[in-house]
Amino acid sequence: MKVTPTEIADVLLIEPKVFGDARGFFMESFNAKAFDEAVGRSVNFVQDNHSRSAKGVLRGLHYQIQQAQGKLVRCVRGSVFDVVVDIRRSSATFGRWVGVELTEDNHRQLWVPEGMAHGFLVLSESADFLYKTTDYYAPAHERAIRWNDPSLGIRWPDTGVAPQLSAKDQQASTMDRAAFFA
């Protein structure tokens, strides 16, 4: 696998080796030993999540202030624009964001370590999105930052349709009112 650091410390773009021919393809989507070596520590995933969303659905920017979740994310059908925001106050990249297109064809994965807010926008007619998490979903600790907060300046792609948000994401905090990690 190829591992490429992003502009945010500890956020990694992971590109597995894909072996393809006329029959289709094969790839190892996860290998604990190789992954731990890539991130420089032992990571234990405890939950796998799968979402299906229509074009224009925007999920995020989500995080858990306690029981923080690291996430290994990928798109297995369709395409998404995946965004990570560093919300670790002690980080040199606090308040910065990185965005990567993840598609069923590029097979890319993104490692989103604890201390980050995460979200994605569906670019294709629909998309299936998978994520492994390092801690369990804890609704009492779930938080969200507004996807279009002007202080972040995230450049979301134009899908040709208005972003579709959950009620929770419509009520998300702005950065100046959000809870952060130390």
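This report describes a sheet, a set of aromatic pairs and a set of salt bridges in one predicted model.

## Basis of the description

Because the model is predicted, local features need pLDDT of at least 70 and side-chain atom pairs count only at pLDDT 80 or more, while totals for chains, interfaces and linings use all residues. Residues are numbered from 1 along each chain as its sequence is written, and side-chain values use heavy atoms, with hydrogens and water left out.

## The open sheet

Five strands form an open sheet in the order E9-E8-E11-E6-E13, and their pairing is antiparallel. Strands (E, at least two residues) and helices (H or I, at least four) are DSSP runs numbered from the N terminus, and two strands pair if DSSP finds at least two bridges between them. Strand E9 (97–103) and strand E13 (142–144) stand at the edges with a single partner strand each, so one side of each has no neighbour in the sheet. From one strand to the next the twist averages 25°, where axes are lines fitted to C-alpha atoms, for helices over the stretch in contact, and angles run from 0 to 180 degrees between N-to-C directions.

Within this sheet, strand E8 (residues 79–86) and strand E11 (residues 116–122) run antiparallel and are joined by 7 bridges. Val80 stands opposite Val122 in E11.

## Aromatic pairs

The structure holds 11 aromatic pairs, counted when the ring centres of Phe, Tyr or Trp (its six-membered ring) lie within 6.5 Å; planes under 30 degrees apart count as stacked, over 60 as edge-to-face and the rest as tilted. Phe35 and Trp111 have ring centres 5.2 Å apart and planes at 85°, so this pair is edge-to-face. Since Phe35 lies in helix H1 (residues 32–39) and Trp111 in strand E10 (residues 109–112), the pair ties together parts that are 76 residues apart in sequence. Both Phe35 and Trp111 are buried, a term for under 20% relative accessible area, with exposed meaning over 50% and partly exposed in between (1.4 Å probe, protein chains only).

The rings of Phe81 and Trp156 also form an edge-to-face pair, because their centres are 6.0 Å apart and their planes stand at 75°. Phe81 belongs to strand E8 and Trp156 to the loop between E13 and helix H2 (167–170), so that distant parts of the chain, 75 residues apart, are linked. Phe81 is buried at a relative accessible area of 11%, and Trp156 is buried at 15%. Ring pairs also link Phe30, Phe35, Phe45 and Trp111 into a cluster.

## Salt bridges

There are 10 salt bridges, each being a side-chain nitrogen of Lys or Arg within 4 Å of a carboxyl oxygen of Asp or Glu. One of them joins the side chains of Arg88 and Asp10 (3.0 Å, N to O). Arg88 lies in the loop between E8 and E9, and Asp10 in the loop between strand E1 (2–5) and strand E2 (12–15), 78 residues apart. Arg88 is buried, with a relative accessible area of 14%, whereas Asp10 is partly exposed at 45%. A network of salt bridges links Asp10, Asp86 and Arg88.

Lys168 forms another salt bridge with Glu142, with the closest N and O atoms 2.9 Å apart. This pair links Lys168 in helix H2 to Glu142 in strand E13, 26 residues apart, and Lys168 is partly exposed, with a relative accessible area of 39%.
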